[in-house]
Amino acid sequence: MNHVLETLFFALIPILITIGLGYYSAVKGTFDEQDSHKLARLVLNYMLPLNVFAGIWGTSRKIMIQDVGLALWLAVAMVVCFLLMILVYRYALKNDAPVAILRAMSIADPSVPFVGSAVLPLIFGANDSAITIGICTLTINVIMLPIAFSAFGDNGDTISARLKNTFKKPLVIAALLGFILVLCGSQMPTQFDSIFTLLGKGAGGLAIFTTGIVLKTRQITFNKTICSTILLKNLAFPLVVWGCMALFNSPTTLTRLVVVALAIPTATMPSTLAIRFNVHEAELASTQFWSTALSFITLTAFVLALS
């Protein structure tokens, strides 16, 4: 128990400090909203793809095949939650389609590429973390985003056009290429580690720093809608998946990895889309802030309960 608490402490405290530094830098005017977008592009287009590719390629095919259950649980849980919450918000609560999709995404989309890249390696190791990040990245970009963009009607692009653009993204290419190489029997030579370390290992820290800048540049509020979204994201969603995995007698290690990954706070994508399309910007940015802040309690509780 003490070891788990120590590991979690050293995983979460640096995140809190780094978010604070990012927030402080925005207060001082060192970085602004435009800088946060540039830093986010640096992480998503260069640093994180290198990290994910190296982590997946460095995994043996035997382990990868064993992780098919991980892929299925993560992808199915995220997609089912996303589609179900769209129906609830759209038809039960009578939200407009764009609002329903963004609120549903706030619940079903954990910030695995950002927060997860800083937390998961300390708890589960580099290989399992990279595979988890790759699976969540593919699920978000291949399934969730095309649905979201089709509802927004962005530039008249069809779903097929959006899918083509999705497979051009560096993070998606890195994850797919890593999986293909491993399944073909290739494994990264240890001599290549240094190639990916220089930029790749800094992805998590810079991503969290950028989150602090974004949180400063958005108006933070709190209301019943935000509260309910956070409760569903941080508590209800991982709890339901945990219950389903218990019913299917899933292995303890698999359950722990899936539930902790889904208990990670909401991603930046809903607030980014909200800002881009001028849809409830303050609400979605505030949801991201409070989900991240409260995850220090909820994520700790899940890790301890699953230990």
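**Helix packing and selected residues in a predicted model**

Good morning. I begin with a helix pair: Arg103, Ser106, Ile107 and Ala108 in α5 meet Thr225, Thr229, Leu232, Lys233 and Phe237 in α12. A contact here means heavy atoms within 4.5 Å, and helices are DSSP runs of H or I with at least four residues, numbered from the N terminus. By class, this contact of α5 with α12 has 4 nonpolar, 3 polar and 2 charged residues. In that scheme Ala, Val, Leu, Ile, Met, Phe, Trp, Tyr, Cys and Pro are nonpolar, Asp, Glu, Lys and Arg are charged, and the others, Gly among them, are polar. The axes of α5 and α12 are 8 Å apart, and the two helices pack at an angle of about 35°. Axes are lines fitted to C-alpha atoms, for helices over the stretch in contact, with angles from 0 to 180 degrees between N-to-C directions.

A word on the basis of these values. The model is predicted, so local features need pLDDT of at least 70 and side-chain atom pairs count only at pLDDT 80 or more, whereas totals for chains, interfaces and linings use all residues. Residues are numbered from 1 along each chain as its sequence is written, and side-chain values use heavy atoms, with hydrogens and water left out.

Next, Thr137, which is placed in helix α7, residues 126–152. Is Thr137 buried or exposed? Thr137 counts as buried, because its relative accessibility is 2%; buried means under 20% relative accessible area, exposed over 50%, and partly exposed in between, with a 1.4 Å probe and protein chains only. A polar atom of the Thr137 side chain lies 2.7 Å from the backbone oxygen of Ile133. Beyond its neighbours within four places in sequence, Thr137 is in contact with Pro113, Leu171 and Val172.

I turn to the aromatic residues. The structure holds 6 aromatic pairs. One of these joins Phe53 and Trp57, whose ring centres are 5.3 Å apart and whose planes are at 35°, so the pair is tilted. Rings of Phe, Tyr and Trp (its six-membered ring) pair if their centres lie within 6.5 Å; planes under 30 degrees apart are stacked, over 60 edge-to-face, and the rest tilted. Both residues belong to helix α2, residues 33–57, and are 4 residues apart, about one turn of the helix. Phe53 is buried at 11% relative accessibility, and Trp57 is buried at 11%. Elsewhere, ring pairs link Phe222, Phe289 and Trp290 into a cluster.

Most residues other than glycine have a negative phi. Lys94 is exposed, with a relative accessible area of 65%. Asn249 lies in the loop between α12 (224–247) and α13 (252–262), and its phi is also positive, near 55°. Asn249 counts as exposed at 67% relative accessibility.

Finally, Ala267. This residue is in the loop between α13 and α14 (269–277), and it is buried, with a relative accessible area of 9%. What does Ala267 touch, not counting residues up to four places away in sequence? The residues touched are Asp109, Pro110, Ser111 and Gln288.

Thank you.

Note on methods: A polar contact is a pair of N or O atoms within 3.5 Å; within protein, one must be able to donate a hydrogen and the other to accept it, and residues adjacent in sequence count only if both atoms are side-chain atoms.
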